[in-house]
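Here is a short briefing to read with the structure open beside you.

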Protein chains: 2
Amino acid sequence: MDKKQIPDIAISRLPGYLQVLEQMAREGFGVVSSLQLGKRLNISPAQIRKDFSHFGEFGQQGKGYPLFSLMDQLQQILHIDRIWQVVLVGAGDLGCALGNYQGFRMRGFDIVKIYDNDPMKIGKKTGALTIEDVNQMPEDVKKLQIKLGILTVTQLSAQQVADVMMAAGIRAILNYTGVNLQVTAPVHVQNIDPVMQLLHMTYYLADD
Amino acid sequence: MDKKQIPDIAISRLPGYLQVLEQMAREGFGVVSSLQLGKRLNISPAQIRKDFSHFGEFGQQGKGYPLFSLMDQLQQILHIDRIWQVVLVGAGDLGCALGNYQGFRMRGFDIVKIYDNDPMKIGKKTGALTIEDVNQMPEDVKKLQIKLGILTVTQLSAQQVADVMMAAGIRAILNYTGVNLQVTAPVHVQNIDPVMQLLHMTYYLADD
């Protein structure tokens, strides 16, 4: 399976499929059709079948998909059939809230370290974590072979800290800084910027 | 200008264009080409020109776009040439961090109210805001004619609280709950789910 041939836009929809399948499993479904999935996600059934077809055949024509084996396969494809260790840099209000967010752990993302450069914060506890000196981060990332990082530092230091993370071996950054980070392959970035998402909606809130 | 004719995917790119233009303005640019914009955003110049063409002509062929008037026009299109009042429901760690996030105010989004249903929280201060009883929310939203809401409650109460917000007049919800909210037009939802974005990246972190 050549990853380059699967469009990123199809990959981007898989987590949403998995989320809805989990919801349907809780509701008692055992089999699911592309029509049912499509209705919940506001995506056409044809699109869903096409997305799934990139990864081979999941179900049988006209029979729907067996729910649990579909979930298993999606988890394997997304590489979440394991625990991922994560480091977080920037122990401000948002960083501390995220560091203790149970939604990450429930999904197999274990935030094992939280760092800051502020001497007033280093050594303090936030939830179950102790804030550590960011200068310790590269050594920890290398030793623990951590690939995932969450960035919640200020805009001024965002690129510099990202550079240090990448040099240490971080391969994927969840970026909360609002800075358009410059990264080089094979590093991946996903931006979380609530302001950008509000701007998207205000377009539709015209003078009414 | 018929809004229905402009694809949402084009709208979704406009905030990113504005963000990069602001960055370039800080760097001293006065004119910008679709090529320069495209390089920074990893979007083809043709795509950028096509997106802009939905809103009429911004620049002159071959001369690039005047930076500040392009920013002005994007702000008008996105309706952020004003202050938007916002209510936030769910004063947990994340809710409080967001309620005090200066990035919102810098962009014209003024979080004026923060609510919770926990008697232990109601009446307490978080930053400059006082946590109020969520039962007060519908009246406030109607009186202040607020259209934007941020939802940071638990998954169990997410849909119910969203329903109350919509009934009160909220037209756009920034949804942090991880629940696939059911809403009816003309209400818009944008989901912020860091777990979904991590899942998107782990796909690329294959056995290496």
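In this predicted model, the side chains of Arg13(A) and Asp51(A) form a salt bridge, with N and O 2.6 Å apart. Arg13(A) sits in helix α1 (residues 8-26) of chain A and Asp51(A) in helix α3 (residues 45-53) of chain A, so the pair ties together parts that are 38 residues apart in sequence. Asp51(A) is buried, because its relative accessible area of 1% is under 20%.

**More salt bridges**

- Over all chains, the count comes to 16 salt bridges.
- In chain B, the side chains of Arg40(B) and Glu27(B) meet in a salt bridge, 2.7 Å from N to O.
- Arg40(B) belongs to helix α2 (residues 34-41) of chain B, and Glu27(B) to the loop between α1 (8-26) and β1 (31-32) of chain B, so this pair ties together parts that are 13 residues apart in sequence.
- Arg40(B) is partly exposed, at 27% relative accessibility.
- Glu27(B) is also partly exposed, with a relative accessible area of 40%.
- Arg82(B) forms a salt bridge with Asp81(B), and their closest N and O atoms are 3.4 Å apart.
- Arg82(B) counts as partly exposed, at 29% relative accessibility.
- Asp81(B) is partly exposed too, with a relative accessible area of 44%.
- A network of salt bridges links Lys113(A), Glu132(A) and Asp140(A).

**Chain A as a whole**

- Chain A holds 9 helices and 9 strands.
- Its C-alpha atoms fill a box of roughly 60 × 50 × 35 Å, taken along the principal axes.
- Chain A has 208 residues, and 49% of them count as buried.
- Take the contacts in chain A with a separation of 6 or more: residues 24 or more positions apart account for 55% of them.

**The nonpolar core**

- The largest nonpolar core has 95 residues.
- Which residues have the most contacts inside it? They are Phe104(A), Phe109(A), Ile150(A), Phe109(B) and Ile150(B).
- Leaving out residues up to four places away in sequence, Phe104(A) touches Leu98(A), Phe109(A), Ile111(A), Ile150(A) and Leu174(A), among others.
- Phe104(A) also touches residues of chain B, namely Pro194(B), Val195(B) and Leu198(B).

**Two loop residues in chain A**

- Ile83(A) lies in the loop between α4 (67-77) and β3 (84-89) of chain A.
- Is Ile83(A) buried or exposed? Ile83(A) is exposed, because its relative accessible area of 61% is over 50%.
- Beyond residues up to four places away in sequence, Ile83(A) touches Gly108(A) and Asp110(A).
- Ile83(A) and Met106(A) are 23 residues apart in sequence, and their C-alpha atoms are 10.0 Å apart in space.
- Asn180(A) is found in the loop between β8 (172-175) and β9 (188-191) of chain A.
- Asn180(A) is partly exposed, with a relative accessible area of 28%.
- Asn180(A) and Asn191(A) are 11 residues apart along the chain, with their C-alpha atoms separated by 8.2 Å.
- Across in chain B, Asn180(A) touches Val20(B) and Arg40(B), not counting residues up to four places away in sequence.
- Arg40(B) is the residue that also meets Glu27(B) in a salt bridge.

**How the two chains meet**

- How many residues of chain A are in contact with chain B? There are 55, and they contact 55 residues of chain B.
- Chain A and chain B bury about 5700 Å² between them.
- Carbon and sulfur atoms make up 66% of that buried area.
- Across the interface of chain A and chain B there are 0 salt bridges.
- Of the interface residues of chain A, 100% are also interface residues in chain B, so the copies meet through the same surface.

**Confidence**

- Chain A averages a pLDDT of 90, and 94% of its residues score at least 70.
- For the complex, the predictor gives an ipTM of 0.85 and a pTM of 0.84.
- Where pLDDT is low, the predicted coordinates should not be read in detail.

Conventions
Residues are numbered from 1 along each chain as its sequence is written. Chains are lettered from A and ligands numbered from 1 in the order in which they are written. This is a predicted model: local features need pLDDT of at least 70, side-chain atom pairs count only at pLDDT 80 or more; totals for chains, interfaces and linings use all residues. Side-chain values use heavy atoms; hydrogens and water are left out. A nonpolar core is a set of buried Ala, Val, Leu, Ile, Met, Phe, Trp, Tyr and Cys residues joined through side-chain atoms within 4.5 Å. Buried means under 20% relative accessible area, exposed over 50%, partly exposed in between (1.4 Å probe, protein chains only). Contact means heavy atoms within 4.5 Å. pLDDT is the predictor's confidence in each residue, from 0 to 100. A salt bridge is a side-chain nitrogen of Lys or Arg within 4 Å of a carboxyl oxygen of Asp or Glu. Helices (H or I, at least four residues) and strands (E, at least two) are DSSP runs, numbered from the N terminus. Buried area is the accessible area (1.4 Å probe) that two parts lose on being put together, summed over both.
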